[in-house]
Amino acid sequence: MALYILKKFNSKLKFLYRKNTYFSQSLRLMLRNAITQPHIDYACSGCYSNLSEKIKNKLQVTQNNGIRFCLQKPNRSHIGYQDFVSINWLSVARRAKQMIFCNAFNFFQNKCPTFMKEVFTAVDYQSI
């Protein structure tokens, strides 16, 4: 499944690269967030913890390609911490953790979907 997500992400990113000359940096960032980020989020929310390190690295490389697109960096240029900060993004691993924490928060605030309430049970650790 993750390889399918990577394939979809890369095909949409290639489409954006073909139209790149018409975009400002803010539009590139907005289009990347709207068109490709949902695929990374889907991979993070559904199965990230069960993926092999090889697939996790491929997800990160794919996200780095999205950063290169947004910042108009040359192909194979290094993507460092400052690049993530400059466009206010998280790495794939941190994004996966953020999504888990958000889901846990929603669960404990009773704002989660009903299927989560059926699958998970809150445990009161003070009474143990």
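This is a predicted model: local features need pLDDT of at least 70, side-chain atom pairs count only at pLDDT 80 or more; totals for chains, interfaces and linings use all residues.
Local features require pLDDT of at least 70 and side-chain atom pairs pLDDT 80 or more, while totals for chains, interfaces and linings use all residues. Residues are numbered from 1 along each chain as its sequence is written, and side-chain values use heavy atoms, without hydrogens and water.

**View 1. Span of helix 1, residues 2–18.** Helix 1 has 17 residues; helices are DSSP runs (H or I, at least four residues) numbered from the N terminus. From first C-alpha to last, helix 1 reaches 25 Å, close to the 24 Å expected at 1.5 Å a residue. The expected span is 1.5 Å times one less than the number of residues.

**View 2. The buried side of helix 1.** A2, I5, L6, F9, L13 and L16 are the buried residues of helix 1 (buried: under 20% relative accessible area; exposed: over 50%; partly exposed: in between; 1.4 Å probe, protein chains only). They lie on the same side of helix 1 because their arc around the axis is only 100°, taken from the directions from the helix axis to the C-beta atoms. These buried residues pack against helix 2 (25–35), helix 3 (37–47) and helix 4 (53–71), where contact means heavy atoms within 4.5 Å.

**View 3. The opposite face of helix 1.** Turned away from the buried side, this face carries the exposed residues Y4, K7, K14 and R18.

**View 4. Q72 and R76 in the loop between helix 4 and helix 5.** Most residues other than glycine have a negative phi. Q72, not a glycine, has a positive phi of about 55°. R76, also not a glycine, has a positive phi of about 70°. R76 counts as exposed because its relative accessibility is 76%. Helix 5 covers residues 81–86.

Definitions and conventions
Helices (H or I, at least four residues) and strands (E, at least two) are DSSP runs, numbered from the N terminus.
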